[in-house]
Amino acid sequence: MELNSIVNQFIGTNNYNISPITDGLINTTYLLEDKDQQKKFILQKINHAVFKQPEIIINNHIIINQRLENGNYPLQLIKPIPSLAGSFIVYDDHMDSWRLSSFIENAQTLFKIHDQASAYESAKAIGCFLNAINTGDIPDIQAPIPDFINFEKRITDYRNSLQAAGVALIEKASPEIEEINDLLFLPQHWIEMERNNALPRRIIHGDPNVRNILFNTDFSPLAVIDLDTIMISTLLYDFGDIARSYTNTTNEDDGSALKNFSPSIYRAVKDGFLLHLKEKLVFKELEHLDYAAQVVIYIQAVRFLTDYLNGSTYYAIQYPEHNLNRIRNQLKLLKGLRRYLKAD
């Protein structure tokens, strides 16, 4: 009954079909079909544990769409749909937030980069998006997740978890702790650049995973989606996370991988990312792309290790050592990237 009430506040009819979409990682998502209008929508319950102020992500989305609509952006847009009362957020009896968005027909999603071509096209789509939204003055974008890209805080959180963790967890993760500690120097230059405002502040996507790109039936990009993590930071983060997620040839929780970094995909990623952005980036950004890829992978390993030492309370796990395997996978990926960059 509660879901029916939410639907009615948005589309005003009981003549609809609704089905869950289970591949999302944060929000609860449904495909909603209004049978009266013959239209489909995406209905989502926003995860309050992650997004404590849902109105921020809605406002950011609207600002970004306005900027894209005013430019020559070639890809399609996902648009927030207001309720019949004119609000972009509807609250249920538990004060959970719901939103409705437009739906793109005949779109496909990739969950893994399989080759250089898909890597290039995906990175090109993100680069095109970033180029389009970073034109003119920076608009009033608010941070949806405070300190999301505060690497100094990530390291502090790790050190605190190391101090508070039980002996059994520390012993089990001792090889990974040693590797992480050996590389603690790695993010320091990034932290110093941020402290000194040495990097241009730009609008970033914040989660440029390939899952957040919709593709046509021929696997050409249709749209960049999931603008919930839009924020002001450095474009180096988006490049680093693209490199981290695209070049990994195994699943993120495969801790037994002996080799999981793809140099050819990394080269394709860099070429695709720079196609629309090369003229916009300043020299300091261009010269730090390889460094950014290393730091973002390292920080993700640190986050997994921090959560493991804290008792695995943040990332969903399916077995006790799930986060441990994630750490091992990221460290192997980082080792492969650093070996490639040294040889290159």
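Student: What should I know about the model before I start?

Tutor: Residues are numbered from 1 along each chain as its sequence is written, and side-chain values use heavy atoms, with hydrogens and water left out. Because the model is predicted, local features need pLDDT of at least 70 and side-chain atom pairs count only at pLDDT 80 or more, while totals for chains, interfaces and linings use all residues.

Student: Which residues of helix H4 are buried?

Tutor: First the general idea: an α-helix has 3.6 residues a turn, so residues three or four places apart point the same way. Helices here are DSSP runs of H or I with at least four residues, strands are E runs of at least two, and both are numbered from the N terminus. Buried means under 20% relative accessible area, exposed over 50%, and partly exposed in between, using a 1.4 Å probe and protein chains only. In H4, the buried ones are Phe151, Arg154, Ile155, Tyr158 and Ser161. They cover an arc of only 120° around the axis (taken from the directions from the helix axis to the C-beta atoms), so they sit on the same side of H4. Gln163 and Ala164, on the other side of H4, are exposed.

Student: What covers the buried residues of H4?

Tutor: Helices H6 (174-182), H7 (188-195), H8 (235-246) and H11 (289-309) are among what covers them.

Student: Which residues lie nearest the centre of the second largest pocket?

Tutor: A pocket is an open set of points on a 1 Å grid over the protein atoms alone, where a 1.4 Å probe fits, with protein on both sides within 12 Å along at least five of seven lines; lining residues have an atom within 4 Å of a point. Here the lining has 23 residues, and Lys153, Arg154, Asp157, Arg303 and Tyr314 lie nearest the centre. H4 and H11 are the elements that give two or more residues to that lining.

Student: Is Leu274 buried or exposed?

Tutor: Leu274, part of helix H9 (residues 263-277), is buried, with a relative accessible area of 13%. Leaving out residues up to four places away in sequence, Leu274 touches Leu281, Leu286 and Leu289, where contact means heavy atoms within 4.5 Å.

Student: Where is Asn197?

Tutor: Look in the loop between H7 and strand S8 (202-204). Phi of Asn197 is near 50°, a positive value in a residue other than glycine, and Asn197 counts as exposed at 63% relative accessibility.
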